[in-house]
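Take a moment with the sequence and the fold before reading on. The text below works through the structure step by step.

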Amino acid sequence: MYRTVLLPAARRDIQEAAKWYNTQLDGLGKRFAQNVRNKVAAIKQNPFAFTIRYQNTRVAVLDIFHSLFTILLMKRRSEL
């Protein structure tokens, strides 16, 4: 399993999106947040399963909400 790091800006974006979805339909923000958690879990399992966008950058699309995650693959310092 790989380690994932969500940048503070990404966390804010996810929280803001969840709030917005809740304004559209009660409980929809919770569904969005769960969909995000599921996708992050899939990324942790195998980040190489996702489409290459650039050299070491891949993308993952949420299954229900069609939001896009950008995944930057980085090696640990011990692997350099």
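What follows covers confidence, then the strands, the aromatic rings and the core.

This is a predicted model. The mean pLDDT of the protein chain is 88. Of its residues, 92% reach 70 or more. Confidence is highest in helix H1, residues 8-24, at a mean of 94. Confidence is lowest in S3, at 84. Where pLDDT is low, predicted coordinates should not be read in detail.

Start with the strands. S2 spans residues 57-61 and S3 spans residues 68-72. The two strands pair in the antiparallel sense, over 5 bridges. Their hairpin has 6 residues between the strands. Within the hairpin, histidine 66 takes a positive phi near 55 degrees.

Now look across to S2. Arginine 58 lies in this strand and stands opposite isoleucine 71 in S3. Is arginine 58 buried or exposed? Its relative accessibility is 13%, so arginine 58 counts as buried, the cut-off being under 20%. A polar atom of the arginine 58 side chain lies 3.1 Å from the backbone oxygen of phenylalanine 48. Leaving aside neighbours within four places in sequence, arginine 58 is in contact with residues including Pro47, Phe48, Phe50 and Ile52. Its contacts also include Phe69, Thr70, Ile71 and Leu73.

The loop between S2 and S3 holds isoleucine 64. This residue is partly exposed, with a relative accessible area of 43%. Not counting residues up to four places away in sequence, isoleucine 64 touches Arg31 and Asn35. The C-alpha atoms of isoleucine 64 and valine 36 are 9.8 Å apart, although 28 residues separate them along the chain.

Next, the aromatic rings. A search of the whole structure finds 5 aromatic pairs. One of them joins tryptophan 20 and tyrosine 21. Tryptophan 20 is partly exposed, with a relative accessible area of 48%. Tyrosine 21 is buried, at 16%.

Tyrosine 21 also pairs with phenylalanine 32. Here the centres are 5.0 Å apart and the planes are at 35 degrees, so the pair is tilted. Tyrosine 21 lies in helix H1 and phenylalanine 32 in helix H2, residues 28-45, so the pair ties together parts that are 11 residues apart in sequence. Both residues are buried. Trp20, Tyr21, Phe32 and Phe65 form one aromatic cluster.

Phenylalanine 32 leads on to the core. In soluble globular proteins, nonpolar side chains tend to be buried together. In this model, the largest nonpolar core has 14 residues. Which of them touch the most other members? They are Phe32, Val36, Ala60, Leu62, Phe65 and Phe69. H1, H2 and S3 each supply at least two residues of this core. The largest share, 5 residues, comes from H2.

Leucine 62 shows some of these links. Not counting residues up to four places away in sequence, leucine 62 touches Phe32, Asn35, Val36, Lys39, Ser67 and Phe69. Among these contacts, Phe32, Val36 and Phe69 are core members too.

Methods:
Residues are numbered from 1 along each chain as its sequence is written. This is a predicted model: local features need pLDDT of at least 70, side-chain atom pairs count only at pLDDT 80 or more; totals for chains, interfaces and linings use all residues. Side-chain values use heavy atoms; hydrogens and water are left out. Helices (H or I, at least four residues) and strands (E, at least two) are DSSP runs, numbered from the N terminus. Buried means under 20% relative accessible area, exposed over 50%, partly exposed in between (1.4 Å probe, protein chains only). Contact means heavy atoms within 4.5 Å. A polar contact is a pair of N or O atoms within 3.5 Å; within protein, one must be able to donate a hydrogen and the other to accept it, and residues adjacent in sequence count only if both atoms are side-chain atoms. pLDDT is the predictor's confidence in each residue, from 0 to 100. Rings of Phe, Tyr and Trp (its six-membered ring) pair if their centres lie within 6.5 Å; planes under 30 degrees apart count as stacked, over 60 as edge-to-face and the rest as tilted. Two strands pair if DSSP finds at least two bridges between them. A nonpolar core is a set of buried Ala, Val, Leu, Ile, Met, Phe, Trp, Tyr and Cys residues joined through side-chain atoms within 4.5 Å.
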